[in-house]
Amino acid sequence: MKLLKAILIILAVLFSFFVITFSIYYTNSDMKLVRKIYDKLQPYYDNLKKDKKL
């Protein structure tokens with residue numbers, strides 16, 4: 001009985017993990033978050049002093 005309960009808990013966790021990761025993939029929310037972070041960091045990197053030597 002305890003083994004069945006443990007297996008059901010593991011399956012529930014795996015299923016919820018799949019649903020969460022699939023929804024992130026489907027809505028492309030990971031790249032939307034990266035874009036927001038990129039837009040916030042861009043002014044900082046634009047103002048850095050750059051070495052012109054190659």
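Of the 54 residues of the protein chain, 0% count as buried (buried is under 20% relative accessible area, exposed over 50% and partly exposed in between, with a 1.4 Å probe and protein chains only). This is a predicted model, in which local features need pLDDT of at least 70 and side-chain atom pairs count only at pLDDT 80 or more, while totals for chains, interfaces and linings use all residues. Residues are numbered from 1 along each chain as its sequence is written, and side-chain values use heavy atoms, with hydrogens and water left out.

**Overall form**

- The secondary structure of the protein chain consists of two helices and zero strands (DSSP runs numbered from the N terminus: helices are H or I with at least four residues, strands E with at least two).
- The radius of gyration of the protein chain is 22 Å, whereas a compact globule of 54 residues would have one near 10 Å (taken over C-alpha atoms; the globule rule is 2.2 Å times the number of residues to the power 0.38).
- Along the principal axes, the C-alpha atoms fill a box of roughly 70 × 20 × 20 Å.
- The accessible surface of the protein chain is about 5,900 Å², and 72% of this belongs to carbon and sulfur atoms (Shrake-Rupley method with a 1.4 Å probe; for residues, only the protein chains shown count as cover).

**Helix H1**

- H1 has 26 residues and spans 38 Å from its first C-alpha to its last, close to the 38 Å expected at 1.5 Å a residue (the expected span is 1.5 Å times one less than the number of residues).
- The number of buried residues among the 26 of H1 is zero, so the helix lies largely in the open.
- Asparagine 28 follows H1 and has a positive phi, near 60°.
- Met1, Leu3, Leu4, Ile7, Leu8, Ile10, Leu11 and Leu14 make a nonpolar surface patch of about 900 Å² (patches take residues with over 30% relative accessible area and no salt bridge, joining like charges within 9 Å and nonpolar side chains, that is Val, Leu, Ile, Met, Phe, Trp and Tyr, within 5 Å).
- Leucine 3 lies in helix H1 and is exposed, at 63% relative accessible area.

**Aromatic pairs**

- The whole structure holds four aromatic pairs (rings of Phe, Tyr and Trp, for Trp the six-membered ring, with centres within 6.5 Å; planes under 30 degrees apart are stacked, over 60 edge-to-face and the rest tilted).
- The ring centres of phenylalanine 22 and tyrosine 25 are 6.3 Å apart and the planes stand at 45°, so this pair is tilted.
- Both residues lie in helix H1 (residues 2-27), three residues apart, about one turn of the helix.
- Phenylalanine 22 is partly exposed at 43%, while tyrosine 25 is exposed at 63%.
- Tyrosine 44 and tyrosine 45 have ring centres 5.1 Å apart and planes at 75°, so they form an edge-to-face pair.
- Tyrosine 45 is partly exposed, with a relative accessible area of 47%.
- Phe18, Phe22, Tyr25 and Tyr26 form one aromatic cluster.

- Aspartate 39 and arginine 35 are four residues apart in helix H2, about one helical turn.
- Aspartate 39 is partly exposed, at 41% relative accessible area.
- Valine 34 is found in helix H2 (residues 29-46) and is partly exposed at 43%.
- Valine 34 and isoleucine 7 are 27 residues apart along the chain, and their C-alpha atoms are separated by 36 Å.

How values were computed:
Salt bridge = Lys/Arg side-chain N within 4 Å of Asp/Glu carboxyl O.
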